[in-house]
Amino acid sequence: MTRLLLLIVALLVLGHVPPGRSEFKRCWKGQGACRTYCTRHETYMHMCPDASLCCVAYGIRPLPSKTESV
């Protein structure tokens, strides 16, 4: 009986855990994620509304425009 009660409690607790991708808010036209730290394969673009970093993968980041000096 104790094991059954423990199993029911565990299933109820696991039912309230959010999925992995929903913990990060999307930013920069849906291409980035708001996080505390960016991974090695990402770069910081700007600050999110909740003061976290907007991390975008290196392949998605636009290249800076080159200005020619005359």
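I began with cysteine 38, which is partly exposed because its relative accessible area is 24%. For this I call a residue buried under 20% relative accessible area, exposed over 50% and partly exposed in between, using a 1.4 Å probe and protein chains only.

Before going on, I noted that this is a predicted model, in which local features need pLDDT of at least 70 and side-chain atom pairs count only at pLDDT 80 or more, while totals for chains, interfaces and linings use all residues. Residues are numbered from 1 along each chain as its sequence is written, and side-chain values use heavy atoms, with hydrogens and water left out.

**Entry: the partner of cysteine 38**

I looked for the partner and found a disulfide from cysteine 38 to cysteine 55, with 2.0 Å from S to S. A disulfide here is a pair of cysteine sulfur atoms within 2.5 Å. The torsion about this S-S bond is about -85°, so the link of cysteine 38 and cysteine 55 is left-handed. The pair links distant parts of the chain, 17 residues apart: cysteine 38 is in the loop between E2 and E3, and cysteine 55 is in strand E4. Strands (E, at least two residues) and helices (H or I, at least four) are DSSP runs, numbered from the N terminus. Cysteine 55 has 1% relative accessibility, so I logged this residue as buried.

**Entry: the other disulfides**

How many disulfides does the structure hold? I counted three.

Cysteine 27 and cysteine 54 form one of them, with their sulfur atoms 2.0 Å apart. I read 95° about the S-S bond, and this link of cysteine 27 and cysteine 54 is right-handed. Cysteine 27 sits in strand E1 (residues 25-27) and cysteine 54 in strand E4, so the bond ties together parts that are 27 residues apart in sequence. I found both cysteine 27 and cysteine 54 buried.

Cysteine 34 is joined to cysteine 48 by a disulfide, again listed at S to S 2.0 Å. The angle about the S-S bond is -90°, and the link of cysteine 34 and cysteine 48 is left-handed. Cysteine 34 belongs to strand E2 (residues 32-35) and cysteine 48 to the loop between E3 and E4, so this pair ties together parts 14 residues apart in sequence. Cysteine 34 and cysteine 48 are buried.

I then numbered the bonded cysteines of the protein chain in sequence order, and the pairing came out as 1-5, 2-4, 3-6.

**Entry: the core**

Which residues make up the largest nonpolar core? I found five: Cys27, Cys34, Cys48, Cys54 and Val56. Such a core is a set of buried Ala, Val, Leu, Ile, Met, Phe, Trp, Tyr and Cys residues joined through side-chain atoms within 4.5 Å. In soluble globular proteins, nonpolar side chains tend to be buried together.

I also listed the contacts (heavy atoms within 4.5 Å) of cysteine 54. Not counting residues up to four places away in sequence, cysteine 54 touches Cys27, Trp28, Ala33, Thr43, Tyr44, Met45, His46 and Cys48.

**Entry: the salt bridge**

I found one salt bridge in the structure. The term means a side-chain nitrogen of Lys or Arg within 4 Å of a carboxyl oxygen of Asp or Glu. Here the side chains of arginine 35 and glutamate 42 meet at 2.7 Å, N to O.

Glutamate 42 lies in strand E3. A polar atom of the glutamate 42 side chain lies 3.2 Å from the backbone nitrogen of threonine 39. Leaving out residues up to four places away in sequence, I saw glutamate 42 touching Arg35, Cys55, Val56, Ala57 and Tyr58.

**Entry: serine 52**

I looked next at the loop between strand E3 (42-47) and strand E4 (53-57), where serine 52 lies. Serine 52 has 13% relative accessibility, so this residue counts as buried. Beyond its neighbours within four places in sequence, serine 52 is in contact with Cys34, Arg35, His46 and Met47.

**Entry: the record**

Last, I checked UniProt, where an unreviewed entry lists residues 26-55 as "domain: Beta-defensin". In the model, the end C-alpha atoms of residues 26-55 lie 9 Å apart, and the span is 0% helix and 50% strand.

Notes. UniProt positions renumbered as here; feature names shortened; annotations may be inferred. Polar contact = N/O pair within 3.5 Å; in protein donor to acceptor, adjacent residues only side chain to side chain.
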